Structures are given as C-alpha cells and as structure tokens.
Amino acid sequence: MPGWQSRAVLDAELGRGWREQLQEFQEVPVAAASLGQVHWGRLRCGTPVAIKVQAQTDGFGLQFWELKLEYGLEAPALSEGSAERLVAALSRARGAALKVGQLLSMADAELLPPQLQPLLARLRQSAEPMPGWQSRAVLDAELGRGWREQLQEFQEVPVAAASLGQVHRGRLRCGTPVAIKVQYPGVARSIGSDVENLLTLLSLTPGLPKGLFAAPALRALQRELELECDYEREAQSTQKFRSLLGSDRFFRVPAVVPALSARRVLCTEWGRGAALERCRGLPQERRDQICTELLRLCLQELFQFRFMQTDPNWANFLYDPERHKVTLLDFGACRSFEKEFTDLYIEVIRAAADRDEEKILSKSRELKFLTGFESPAMESLHVQAVLLLGEPFWGSQPFDFGAQGTARGVRGLLPRMLRGRLGPPPEPSYALHRKLGGVFMACAHLGGRVRCRELFLQLHSSYTQRGNASSAEGGLQPKNGVTSSGIPECRKGP
C-alpha cells in the first residue's frame, strides 16, 4: 500500500502521537505479505521492532510486534502505555497471535517485564468479543434458526472471550445452566496466515540462535489450532475425558449437549468455580491439595490415559471451594500419545528423579531429544536441564513449588543450549511440555507443596505392571449422567 495509506492506518489505530514513541521509522516497507506489509522501526529505548500494517476488505488493522529476541539478557524497557497497547492489539488479533500472548502470560514472572505481567494475564479470559449480530449469525448457520427455542435463557453478552471463540451463558428448558461457545467467523482460515506472518517476522530477525528451530514449533502450534477449530472433535474429546475420569474424587467434566453443538458451536453444562489464579488466598493446606491433584491428573493423563488436554490456561480449571472440586474446561487441545513415546518418556523422568545421568542421555537419544552427535558440552547442558526439571521428583519430602528456582536455572542454560542443539525436539513434546510447564507454573503461583516423588513412583509402578496393556482409547462406557448418545440428564437447578 502507498505510504499515505499505511500512515492513515497507524494514525487510526495508535493515535497521531505514535511517531513520538519511535526513534526511527522506515517509510519504505522491508517486506510485504498477502495481508499487509512490514516496516522497520526503533523504540526510544533503542529496541528494534517490526510494525506490520494490515489492509483488509472490511477495514484496517494493525499488529505491533517486538522483533528483538534476547536470551538470558535483561528485557528492554517497555512503558506502561506501550505494554497496554501491545496487549490490546493481541486481544483484538485472536487466533494464533492471541494464543501466543496467552502462553506468554503463563511464563515465569522473571521472564517477563513487570509492566506486561498483569496485562497479559487479562488475555487468559478477556479477549475482545464479537458483536451480538455476528455471534447470532454463527448460531443460526450452525444450529438452524430454531436454536433459541431450545433455551429458557440466553445471555447476548458473552461471559468470556478466548483466542478462537467466546462463551455465552444460557439455560435449557428444563432449567439446566449451560455454556455455549461460539467460534469467531473466519478464525479457522486466519490461522495459517497468522503463522506465516510470525515465520516471516522471525526470518527478518537478526541473530536468532540456530538451535531455536522456531518453524517446527510454530507448525505444530498451527496444526493444534486448526484442530481446536473443530468443535465436533472437541465435543468427542470432552465426552471421552468425562468417561476416563468417571467418578474421580476431585475433577469433574461438564457433559456435552449435542442438540446445541456443531462444528463451530459447542454447548456443555455450566462449570462452577473460580479460575486457579484467584485461589492464592486459600489456606496453605487447601492449596497443597489442589496442586497435588493437578500434578496427579497431569501424570495420569500422560501415563495412564495417554490422552491429554494440553492447553495449560489456568482459566480452564475452575475451583469450587464449597465442594472442594475442580471443573475442567476446554478440550479442544486434546491429543493422544503413542505407547512407544510414553515408554521412553517415563524412563527419562525416572532417570531424572534418580539423578542417573547416563540413563538420561541414553533415553533422550532414543526419544530423539538428542541426535547422538552432540558435543560433550552440549550433552552436559542437556543433562543439567533435565535434572533441573526433574528436581520436584528427587526426594520424599514435599516439594515447595513456591520457593523453587527452576525457571531461573533453565534460563541460565538456555542460551548455550540453543547454540549447541542440532535438531528440533520430537513433535509430541511441544504440547506435552507446554502442559507440564503450565502445571508447574500453576503450582508455583499457588505456592503449593507436593509430594511429587511419591505420586510419580506410584504411577511408575502401575505403568510398569500394566506392561503391554492397551491404552484407554475406545471401549469406554459413559458415566456421570451421560447417556449413550452423550446427552446430559436434564435436571433442575444450578
């Protein structure tokens, strides 16, 4: 687009004072993509940035990306105003860009500028919603114009908005409260272009470590997001998890309402409780119990079910203090794991728990975390990282997640590891490590103290005893009031 047009977009989106925040701005774009163009700039503090200006048929939009990626260095200065605008842009962006922002929001506090921490936390529950006419159009297209007749109540204003869709509260004719998730129009088509734009920006970034292997990670994220856009698949995953957990002592999964669900609409029972991040004020004993159950479920998903909900967003865990139970939400990011992978992975954790360095190396090679051609220095770094991550499983005493410095230790190793890594990690590890990291961070946020080794050794023992037993895939009997068709028993009251 011509210069006057890109300046018009910048003025409209950022206000006429945007140029004052930049030390430099190149009018001539350095790259052009299908939906816009990229300009180089430099913040007043000296940080180089890429500013992508987007032109679309339904208006203009702008995305602002910090392009200088630093490893093990001090974060560049970031004003509160700039942080606010960055988070606001991510909130409007939706799709892959917003998902990246949500993942950043759950990073260790030491890895983020302090101005960004509270602002990014908003992204976990408060993306920018679509207008009422648009959500009604999706509901009409997916469910037919008679969908409203099946509901006693329907709240036009969404109670939550996420990266791919927003949630409305409703009530069935029989009185059962429900959550109705409606997908943003066009978000499924935008994921590919969002990832391509991120890859373009990374390709323009000077000095990225060769061991970063960002492309495989972003491609894996793209595949996951594209699957998450299929709400029919999510309904099946929700029903499967509900059966797997059965009458679990601590966790419950809302039942799906098939009559009000389709490819872009998902209706489930309403979940009671508050998001985990609001539970820091609970008594220590209660927080210890919550964290113990979170880790127990995570290990159970991987080594018993071999089927895991891999989205670590804390808003997906609702704690009900009256019942002392957690309701699990959002099963769009579920994936299964092959037995060959879990057979090796459980032994890596066991080796880390026992501090067996030789076994860590041999099992890591079998899992393809290492190629076998790494230098002794790189092998040593890898072992140190695995041992740090395995620290919770070392001793029989409760591990204090609130006092641990795992993230700081790994951050110290990361620059050298990225310089020496010869290949990307195995594909299943992207989603798995995102979930494990999210659970560890949730436990740290709550300051939980967990007997991690005891939990793991119990599960390791049962895993070994099962040997070649078949996984939990298929053959599951419905439980918890779900009929064979998956329709929840309609009952009165909340």
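Before the points, one term: two strands count as paired if DSSP finds at least two bridges between them. Helices (H or I, at least four residues) and strands (E, at least two) are DSSP runs, numbered from the N terminus.

1. **What we have.** This is a predicted model, in which local features need pLDDT of at least 70 and side-chain atom pairs count only at pLDDT 80 or more, while totals for chains, interfaces and linings use all residues. Numbering starts from 1 along each chain as its sequence is written, and side-chain values use heavy atoms, with hydrogens and water left out.

2. **Confidence.** The mean pLDDT (the predictor's confidence in each residue, from 0 to 100) is 81 for the protein, and 76% of its residues reach 70 or more. Where pLDDT is low, the predicted coordinates should not be read in detail.

3. **The four-stranded sheet.** Here the order is β10-β15-β14-β12, in an open sheet with mixed pairing. The edges are β10 (251-252) and β12 (274-275), each of which pairs on one side only. As a reminder, strands of a sheet pair through backbone hydrogen bonds, either parallel or antiparallel.

4. **Strand β14 and its partners.** On one flank, β14 (residues 317-320) pairs with β12 in the antiparallel sense over two bridges; Ala274 has Tyr319 of β14 as its bridge partner. On the other, four bridges join β14 to strand β15 (residues 325-328), again antiparallel, with Leu318 partnered by Thr327 in β15. β14 and β15 make a hairpin with four residues between them, and His324 in the turn has a positive phi of about 50 degrees.

5. **Faces of β14.** Which residues cover the two faces of this strand? Phe317 and Tyr319 lie on one side, Leu318 and Asp320 on the other, and all are buried. Buried means under 20% relative accessible area, exposed over 50%, and partly exposed in between (1.4 Å probe, protein chains only). In a regular strand the side chains alternate between the two faces of the sheet.

6. **Nonpolar cores.** A nonpolar core here is a set of buried Ala, Val, Leu, Ile, Met, Phe, Trp, Tyr and Cys residues joined through side-chain atoms within 4.5 Å. The largest has 62 residues, and Phe303, Leu328 and Tyr345 touch the most other members. Helix α9 (residues 284-305) contributes the largest share of this core, 10 residues. A second, separate core of 31 residues includes Leu164, Val187, Leu199 and Leu266.

7. **Salt bridges.** With a side-chain nitrogen of Lys or Arg within 4 Å of a carboxyl oxygen of Asp or Glu as the rule, the count is 27. Asp248, Arg249, Glu293 and Arg296 are linked in a network of them. Elsewhere, Asp11 and Arg16 meet at 3.5 Å, N to O; Asp11 is partly exposed at 25% relative accessibility, whereas Arg16 is exposed at 72%.

8. **Two bridges between elements.** Glu427 and Arg335 form a salt bridge at 3.2 Å, N to O. Glu427 is in the loop between α13 (406-420) and α14 (428-446) and Arg335 in strand β16 (residues 334-336), so this pair ties together parts 92 residues apart in sequence. Glu427 is partly exposed, at 33%. Lys359 and Glu347 meet at 2.7 Å, N to O, linking helix α11 (residues 357-367) to helix α10 (residues 339-354) across 12 residues. Lys359 counts as partly exposed at 23%, Glu347 as buried at 17%.

9. **Glu27.** Where does Glu27 sit? Glu27 is in the loop between β1 (22-25) and β2 (31-33), and is partly exposed at 38% relative accessibility. Not counting residues up to four places away in sequence, Glu27 touches Arg7 and His39. The C-alpha atoms of Glu27 and Gly41, 14 residues apart along the chain, are separated by 9.2 Å.

Methods: Contact = heavy atoms within 4.5 Å.
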